Structure formats: structure tokens, C-alpha cells
Amino acid sequence: MTSTPVIDVDGLNVRYGDFHAVKNLSFQVERGELYALLGTNGAGKTSTLETVEGHRAATSGTVRVFGHSPRDRRAVRPRMGVMLQESGFSPDLTVRESVGLIGALSGRADQVGRVLGLVGLSDRAGTEVSQLSGGEKRRLDFATAVYGTPELIFLDEPTTGLDVQSRHALWEAVDRLREDGSTIVLTTHYLEEAQQRADRIGLMHKGVFHREGTVAELTRTLPAEIRFSLAGPAPALPLHAVRGSDGGFLIETFALQKDLHTLLRWAQDGAVELRELQAGPTRLDDVLRSIGGD
Ligand SMILES: Nc1ncnc2c1ncn2[C@@H]1O[C@H](COP(=O)(O)OP(=O)(O)OP(=O)(O)O)[C@@H](O)[C@H]1O
């Protein structure tokens, strides 16, 4: 039995007057997935998400969330949590009052204390929103999305403005939500976060998917990299390498294991010291950079 996708977008077009921002886009997000919508600036990510969240009408095409139109607020809203880039809380309410208000509006059952604990704001419960730091406000935005553990959660640039510790705590909270079965849709400009966590990625550029698939599918289209520098004179390298301006070497390869083995054996045989040796698959940044110039 195949289950209905949580999100089903078919031939979505979004136009702003003459400008065609999203062009015939189709994708699905399955239950329990973490799907990342990434792309270049102005690619159409926000326009797509706003349409899926029900905040914007599609110019044409079909969008279904839990099998309903996202504009059908009563059917969709209680099952969906949205973390916007800016939630706009009333500055004179306390954190506890703000989360309580969110809870009442969400139509989901939860306990304010539990949510404050989840987003790391328990010790700020009595503080007015106007007194919060940027990172604390961001965690309050996160609380809006996760109150009542919705089945579907949209996280728009969730870690922007967070320090390393808070970032880590947020991803731990996301992991717990996923264990509870939530489906997550993420946008971020921190590509390594998506690379580590996304099940699938839609990589947008100029209104279309440049690529869509798992991280492995996206990165395997570009060569892996081996980087190193040499401590002193060495025999001729066994592989073609490019010399960087910093004096380091770069080998690009579609046969990482084999070429790394060749290089290490050459170094071993010639007693050559490979300094700052790094080897790994292409990063998503490289994939994005490869389309940015189109
Ligand atoms: N209300 C609007 N009126 C006219 N053009 C718009 C409007 N909103 C967005 N656009 C244009 O549509 C294109 C897609 O915008 P969108 O905000 O969806 O992209 P994005 O991928 O979210 O970009 P970014 O990563 O820079 O936030 C951009 O060229 C933008 O200038």
C-alpha cells in the first residue's frame, strides 16, 4: 500500500505580474522525511513555500497538503507548524504568554512548560519578548512551529542568528520531533546542515529544480576531492593534481577510494609527508556554486 504524500506539488507556477518566479515545479514530500528546499538567491524557494503553507495562491498548478488544498485552513492548519523568518510577537508579552497564545491559536494540545523546555527558554519564561536576545527570539519563533508536535513542520532558515550551542540544541529538538513522526521541510543557507540531515533535497535555481534527490545523488554528479600539501621536495605525483595559490594540491576524482590509495602508497613508498590531508565527497556548496553562474 502506498501512502498519500504529506506534500504533493504538481506543475506549480507562481507569477508576479510578468515575472515568472516558479516554473512548473513538481515534488512530493513523504511522511517522516526531512526535505530541504535549497537554492540560489531569488530561486523561488520562499514563493514555493508560501504557496505550500497556504499563505499565497498558486498562479496555476496543484498543491496538496495532507490531500487538501493548503488554503483550506481548517483542514490543514492544526496539522502544520510554521517557523517564519520573523514571527512578530507582541514585545510586551512574556515568553510564557507568547507561547500560550501560540498554543491557543494552533488548535493543538500541549503544555507551555514542555515547549519552553524543548526550545531552551524555560529560564526566560517570565521575560518580556522585547528583552530577548536575537538568538532567544529565534528560539521563540521555533516554539511557534513545534507547539503540539505538528505532523508537518516548516523551518525557514531556523538557525540564522543562533550560536553553535543553540544550533546544536535546535537540531536535537528536531531529531526528537522526527522520532515522534513529524515531517520537516527546511530551507537554509547553511548547506552543511542540510547535507548532514536531509533525506532529500530540491536544489532550485531560477524557478526550477536544477537537481532533486538524496544528498548522495546530488553530490555524486561532481567529482570528490583530495587536498594536501607537501613538506618538501617529492617525486613526481602519481596523479594529476592542480596547485592552488596557497601551494596546496587538489586532486578531483570520481574514483576516490582508488586514487586515495594510489596517493597514500606513493607517499609511503617515497617517505613523503602529506600535510593537511583531506579527502571527501563534493560538498553541497560546490554543487550550488556549479549552478550559480547559469
Ligand atoms: N511580491 C513580489 N513581487 C514581485 N517579485 C517578487 C515578489 N516576491 C518575490 N519576487 C521575485 O521572485 C523571485 C523569487 O523570489 P523568492 O523570494 O521566492 O526567492 P528565494 O529563493 O526565496 O530567494 P532568497 O534565497 O534570496 O530568499 C525573485 O526574483 C524575487 O525578486
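Colleague: Is the crossing in which H3 passes H4 left-handed or right-handed?
Modeller: H3 passes H4 in a right-handed crossing. A crossing is right-handed if the near helix is turned clockwise from the far one by less than a right angle, and left-handed if anticlockwise. The structure is a predicted model, in which local features need pLDDT of at least 70, side-chain atom pairs count only at pLDDT 80 or more, and totals for chains, interfaces and linings use all residues. Residues are numbered from 1 along each chain as its sequence is written.

Colleague: Why are H3 and H4 called roughly perpendicular?
Modeller: Helix H3 (residues 95-106) and helix H4 (residues 112-119) pack at about 110°, with their axes 10 Å apart. Axes are lines fitted to C-alpha atoms, for helices over the stretch in contact, and angles run from 0 to 180 degrees between N-to-C directions. Angles of 65 to 115 degrees count as roughly perpendicular, under 35 as roughly parallel, over 145 as roughly antiparallel and the rest as oblique. H3 and H4 are therefore roughly perpendicular to each other.

Colleague: Which residues make this contact of H3 and H4?
Modeller: H3 contributes Val95, Arg96, Val99, Gly100 and Gly103, and H4 contributes Val112, Val115 and Leu116; contact requires C-beta atoms, placed from the backbone, within 7 Å. Five of these residues of the contact of H3 with H4 are nonpolar, two polar and one charged. Ala, Val, Leu, Ile, Met, Phe, Trp, Tyr, Cys and Pro count as nonpolar, Asp, Glu, Lys and Arg as charged, and the others, Gly among them, as polar.

Colleague: What makes H3 roughly parallel to H5?
Modeller: The axes of H3 and helix H5 (residues 134-146) come within 9 Å and cross at roughly 25°. That angle makes H3 roughly parallel to H5. The crossing of H3 and H5 is right-handed. Val95, Ser98, Val99 and Ile102 of H3 meet Leu140, Ala143 and Thr144 of H5. The contact of H3 with H5 has five nonpolar, two polar and no charged residues.

Colleague: Which residues are around the ligand?
Modeller: They are Tyr16, Phe19, Ala21, Gly39, Asn41, Gly42, Ala43, Gly44, Lys45, Thr46 and Ser47; the criterion is a C-beta atom, placed from the backbone, within 6 Å. By class, the shell around the ligand has four nonpolar, six polar and one charged.

Colleague: Which element supplies the largest share of the shell around the ligand?
Modeller: H1 does, with three residues. Strand S2 (19-29) and helix H1 (45-53) each supply at least two residues of that shell. Helices (H or I, at least four residues) and strands (E, at least two) are DSSP runs, numbered from the N terminus.

Definitions and conventions. Two residues are in contact if their C-beta atoms, placed from the backbone, lie within 7 Å.
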